[in-house]
Amino acid sequence: TLLLSGFITHNRLVWNEYSAGLGCCGWLLVLFSLLITLLTFPVSIFMCIKIVQEYERAVIFRLGRIIDKKAKGPGIFFVLPCTDSFVKVDLRTVSFNIPPQEILTKDSVTVSVDGVVYFRVECPVSSVANVSNADSSTRLLAQTTLRNVLGTKNLAELLSDREGISHSMQATLDDATNHWGIKVERVEIKDVKLPQQLQRAMAAEAEASREARAKVIAAEGEMNASRALKEASLIISESPAALQLRYLQTLSHIAAENNSTVIFPLPIELLQQFLQRK
């Protein structure tokens with residue numbers, strides 16, 4: 001009895017709003033459907049009661065018109081078996097992979113890029129009434145948006161600014177799907193695949209750059225070492241005993257390593273004297 005009274009009350013409220021828009025034929029069809037439901041009660045009640053989950057909503061059409069201009073649920077709702085039809089809409093976040101897209105960058109480099117998009121239905125009525133297939137349309141639009149956005153970037157920006165590209169794609173997709181009742185929550189660039197020839201060229205360029213930096217660092221080290229040696233030679237030249245102490249320190253260092261060979265350095269001046277005598 002409670003279910004029947006609730007069903008009648010629900011249809012009375014809906015009828016008060018839509019009786020003017022349905023017309024005479026629609027009015028007669030609704031009354032006929034309600035009469036059949038009452039005559040076949042309680043069997044018909046099992047056909048009229050519908051349930052949707054917490055994460056679902058139901059968009060009900062009565063003779064082609066959306067009832068109350070809003071979705072029903074979650075929980076129990078009533079439909080007329082002959083004049084009403086409904087569409088379930090899932091409100092949970094959906095993720096899908098964007099297939100790899102061959103993209104020509106701003107600096108004329110061909111790369112293959114793929115990504116992932118997370119979206120959910122924000123307005124069930126718009127997702128049903130404004131687009132034939134919201135899920136498929138969002139997937140196709142994501143592929144087009146990926147190509148359009150990356151076509152305005154050069155290779156360096158594509159490799160270094162993935163976060164900025166993701167935010168730009170999300171804003172573009174969210175603005176385009178707003179009329180469909182879709183909310184794009186997140187867009188991520190997964191992988192950027194470069195041609196093998198380009199990878200080898202970039203590796204050679206990076207190796208040459210590292211070698212150039214190594215040579216510059218080595219040259220700077222030699223220059224600093226020569227300056228230090230010059231300063232040391234000037235200090236030692238001021239005191240002949242300092243050279244002898246340095247020589248004894250070197251011999252002590254060699255002896256500590258248990259070497260059988262000892263090298264005695266000779267001043268170049270002595271050798272020059274022998275050459276002049278000859």
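**Terms and the values behind them**

Tutor: Among the contacts in the chain with a separation of 6 or more, 69% are between residues 24 or more positions apart; contact means heavy atoms within 4.5 Å. This is a predicted model, in which local features need pLDDT of at least 70, side-chain atom pairs count only at pLDDT 80 or more, and totals for chains, interfaces and linings use all residues. Residues are numbered from 1 along each chain as its sequence is written, and side-chain values use heavy atoms, with hydrogens and water left out.

Student: How many helices and strands are there in the chain?

Tutor: The chain has nine helices and eight strands. Helices (H or I, at least four residues) and strands (E, at least two) are DSSP runs, numbered from the N terminus.

Student: Why is T145 called buried?

Tutor: Buried means under 20% relative accessible area, exposed means over 50%, and partly exposed lies in between (1.4 Å probe, protein chains only). The relative accessible area of T145 is 5%, therefore T145 is buried. T145 is found in helix 4, and, apart from neighbours within four places in sequence, T145 is in contact with M169, T172 and L173.

Student: Why does N148 count as exposed?

Tutor: N148 has 52% relative accessibility, over the limit of 50%, and therefore counts as exposed. N148 is in helix 4. N148 and T105 are 43 residues apart in sequence and 9.9 Å apart in space, C-alpha to C-alpha.

Student: Is S108 buried or exposed?

Tutor: S108 counts as exposed because its relative accessibility is 59%, over the limit of 50%. S108 lies in the loop between strand 6 and strand 7, and has a positive phi of about 65° although S108 is not a glycine.

Student: Which residues does a cis peptide bond join?

Tutor: The cis peptide bond joins G73 and P74, with omega about 0°. P74 is in the loop between strand 3 (65-66) and strand 4 (75-78).

Student: What makes a set of residues a nonpolar core?

Tutor: A nonpolar core is a set of buried Ala, Val, Leu, Ile, Met, Phe, Trp, Tyr and Cys residues joined through side-chain atoms within 4.5 Å. The largest nonpolar core has 32 residues, of which V111, V113, V117 and L146 touch the most other members. The elements that each supply at least two residues of this core include strand 2 (56-62), strand 6 (94-104) and helix 6 (162-177). A second, separate core of six residues includes V52, I60, I67 and V79.

Student: Which residues does L146 touch?

Tutor: Not counting residues up to four places away in sequence, L146 touches I98, Q101, I103, V113, M169 and I189.

Student: How many nonpolar, polar and charged residues does the lining of the second largest pocket have?

Tutor: The lining has eight nonpolar, two polar and three charged residues. Ala, Val, Leu, Ile, Met, Phe, Trp, Tyr, Cys and Pro count as nonpolar, Asp, Glu, Lys and Arg as charged, and the others, Gly among them, as polar. The largest share of this lining, four residues, comes from strand 5.

Student: What share of the residues in the chain is buried?

Tutor: Of the 278 residues in the chain, 27% are buried.
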